[in-house]
Amino acid sequence: MFTLGSVLDNELKSSVEDFSFETEFSTNQLMLPNIEKPFEFAQSIISLEKDLDENDNQPMFHQQKKEERKERALIKGSKGTTTLAFIYEKGTVVAVDSRATSGQYIASQSVQKVVPVNQYMLGTLAGGAADCQFFLGHLGRICNLYELRNNEKISVAAASKLLNNILYSYRNYGLSVGSMICGYDTRGPQLYYIDSDGSRLKNSLFSVGSGSPFAYGVLDAGYRWDLSKEDAIDLGRRAICAATFKDSYSGGTVKVYHIDENGWVKISDDDASELWYRYEEKEKKNK
Amino acid sequence: MDSLVGFVGKNYVIMAGDTNAGRSIMRLKDDFDKLVPIDSHKILAKSGEIGDGNQFCNLIIRNVSLYRIRNETELTTKSVAHYTRRQLATAIRKNPYSVNLLLGGYDKKDQKGSLYYLDYLGSSKKINYGAQGYAALFVGSILDRFWKEDLDFEDGLELMKKCLREVEKRLIIGTRCFLIKMINSDGISVVEKVMINSEKKNEIEEEN
């Protein structure tokens with residue numbers, strides 16, 4: 001398989017020796033396996049969940065290839081997790097679960113799904129853990145270099161665009177990344193959704209992962225721009241809690257972070273199952 | 001799942017696109033602008049994959065700007081359509097862009113608007129009216145029936161709303177909100193962001 005690690009070395013080396021903007025952020029330096037038609041090889045052995053659905057827009061020869069791919073797939077990517085983030089008047093709230101599954105087996109209940117990019121930006125992890133961790137870590141390196149070179153903090157828009165361009169250049173190689181770049185910069189609280197397909201969307205709230213429909217339900221019902229800080233944090237926590245309750249691929253602990261002009265802070269880390277019953281008791285007491 | 005509609009009127013081109021951006025069954029963003037301005041008098045309406053659309057439209061916009069900077073002259077809509085088609089055609093057998101486009105523009109030299117239909121396979125056709133996505137199924141016949149040469153702006157807007165009403169009514173995937181833009185000699189202007197509610201006996205609410 002191609003090694004992305006050696007790509008990083010190439011990029012870093014060239015960025016130290018050569019200060020031109022192009023080499024620093026050049027993305028098409030992927031190492032490919034030494035065979036005929038490496039691109040097709042990559043496509044043939046990796047299948048993502050979305051590829052398994054019918055796609056009417058593709059011509060017949062693409063559809064046939066997909067059938068072959070389904071049978072030969074050795075690596076399956078799926079986004080079994082729940083992460084959410086939203087911006088409001090006073091900052092950005094990020095909430096995630098911490099379960100990692102491989103097939104029907106829970107591999108871990110204590111995965112770190114939030115990766116700090118720098119002191120005022122967080123990236124969330126959904127999809128392939130290795131892909132997300134690598135690229136978000138790489139984004140952190142690039143942002144640090146940007147700050148050193150330009151003597152100013154990188155904006156969330158620019159950071160998300162850098163990641164987007166990198167992921168777009170690898171778009172058919174079977175990566176699975178569903179990440180949100182959340183931060184606070186001179187424009188206020190910002191939130192971008194970045195995908196391994198190459199999409200980049202800006203909005204005030206997102207939820208990514210298999211539990212996202214459940215999280216959206218609670219989130220959409222309670223979201224307002226002028227929430228207080230406690231209410232916003234509580235909303236994020238409740239939404240993840242609801243998703244972990246309904247979705248079997250989400251669980252573990254519920255971690256909530258808050259980002260404002262002073263940077264990011266971890267607010268809480270609660271066991272998901274306990275949290276649900278704690279809320280239930282609170283409701284009973286209120287009645 | 002994207003719906004794009006456009007047609008040419010008397011000295012203007014009117015285009016509309018839905019404002020949904022989604023992933024499988026979920027709507028991620030409901031104020032997504034699919035009508036991207038290439039320069040002051042041209043719009044590229046994109047549909048298909050979000051990432052491909054963004055990157056491809058950026059490619060076209062930057063290259064058109066580069067041409068303008070190098071040659072101190074603006075490209076005509078026809079030239080931009082040809083250039084765009086060529087980019088799509090060279091990519092299709094290597095690294096295809098899954099975007100279907102409607103390119104609308106107003107040329108000051110001819111004092112006329114023009115509309116081009118561009119496909120991800122590299123097809124390109126100059127049209128008077130057309131649509132991309134599922135909307136094309138419903139809207140095609142309406143435009144065949146009601147479109148006339150040299151429609152006034154008010155009549156054109158009414159026809160566009162008729163088309164969008166039909167899309168909202170018949171398309172099972174909920175697309176109530178559309179953004180309508182118009183290009184004329186003064187440039188690109190956002191006409192309306194329309195929210196259509198066909199339950200209210202074909203009444204249309206206008207949003208800011």
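**The contact between chain A and chain B**

A: Between chain A and chain B the count is 3 salt bridges, in a model that is predicted. The elements of chain A that each give two or more residues to the side touching chain B are α6 (156-169), β10 (188-195), β11 (200-202), β12 (205-208) and α7 (212-222). Of these, α6(A) provides the largest share of that side, with 4 residues. Sorted by class, the side of chain A that touches chain B comprises 9 nonpolar, 9 polar and 7 charged residues.

In terms of extent, 25 residues of chain A are in contact with 20 residues of chain B. Of the area that chain A buries against chain B, 29% is supplied by A:Tyr168, A:Arg171 and A:Leu201, which is more than any other three residues supply. The area buried between chain A and chain B comes to about 1800 Å², and carbon and sulfur atoms give 45% of it. Polar contact between the two chains, counted with both residues at pLDDT 80 or more, involves 12 residue pairs.

Among the salt bridges between the chains is the one that A:Arg171 forms with B:Asp52, in which the closest N and O atoms are 2.8 Å apart. The pair joins two chains, because A:Arg171 lies in the loop between α6 and β9 (178-185) of chain A, whereas B:Asp52 lies in helix α1 (residues 50-71) of chain B. Both of these residues, A:Arg171 and B:Asp52, are buried. Another salt bridge links A:Asp197 to B:Arg23, and here the closest N and O atoms are 2.8 Å apart.

For context beyond the contact, the structure holds 19 salt bridges over all chains. Within chain A, a network of salt bridges links A:Asp234, A:Arg237, A:Arg238, A:Asp270, A:Arg278 and A:Glu283. Within chain B, B:Asp39 forms a salt bridge with B:Lys42, with the closest N and O atoms 3.3 Å apart. B:Asp39 counts as buried because its relative accessibility is 9%, and B:Lys42, at 2% relative accessibility, also counts as buried. A further salt bridge in chain B is formed by B:Glu158 with B:Arg165, whose closest N and O atoms are 3.4 Å apart. In that pair B:Glu158 counts as partly exposed at 42% relative accessibility, while B:Arg165 counts as buried at 18%.

Two residues of chain B also deserve a note on their backbone. B:Glu72 has a positive phi of about 50° although it is not a glycine; its place is in the loop between α1 and α2 (77-92) of chain B, and at 74% relative accessibility B:Glu72 counts as exposed. B:Asp150, likewise not a glycine, has a positive phi of about 60°. B:Asp150 is found in the loop between α3 (135-146) and α4 (153-170) of chain B, and with a relative accessibility of 47% B:Asp150 counts as partly exposed.

How values were computed. Residues are numbered from 1 along each chain as its sequence is written. Chains are lettered from A and ligands numbered from 1 in the order in which they are written. This is a predicted model: local features need pLDDT of at least 70, side-chain atom pairs count only at pLDDT 80 or more; totals for chains, interfaces and linings use all residues. Side-chain values use heavy atoms; hydrogens and water are left out. Contact means heavy atoms within 4.5 Å. Buried area is the accessible area (1.4 Å probe) that two parts lose on being put together, summed over both. A salt bridge is a side-chain nitrogen of Lys or Arg within 4 Å of a carboxyl oxygen of Asp or Glu. A polar contact is a pair of N or O atoms within 3.5 Å; within protein, one must be able to donate a hydrogen and the other to accept it, and residues adjacent in sequence count only if both atoms are side-chain atoms. Ala, Val, Leu, Ile, Met, Phe, Trp, Tyr, Cys and Pro count as nonpolar, Asp, Glu, Lys and Arg as charged, and the others, Gly among them, as polar. Buried means under 20% relative accessible area, exposed over 50%, partly exposed in between (1.4 Å probe, protein chains only).
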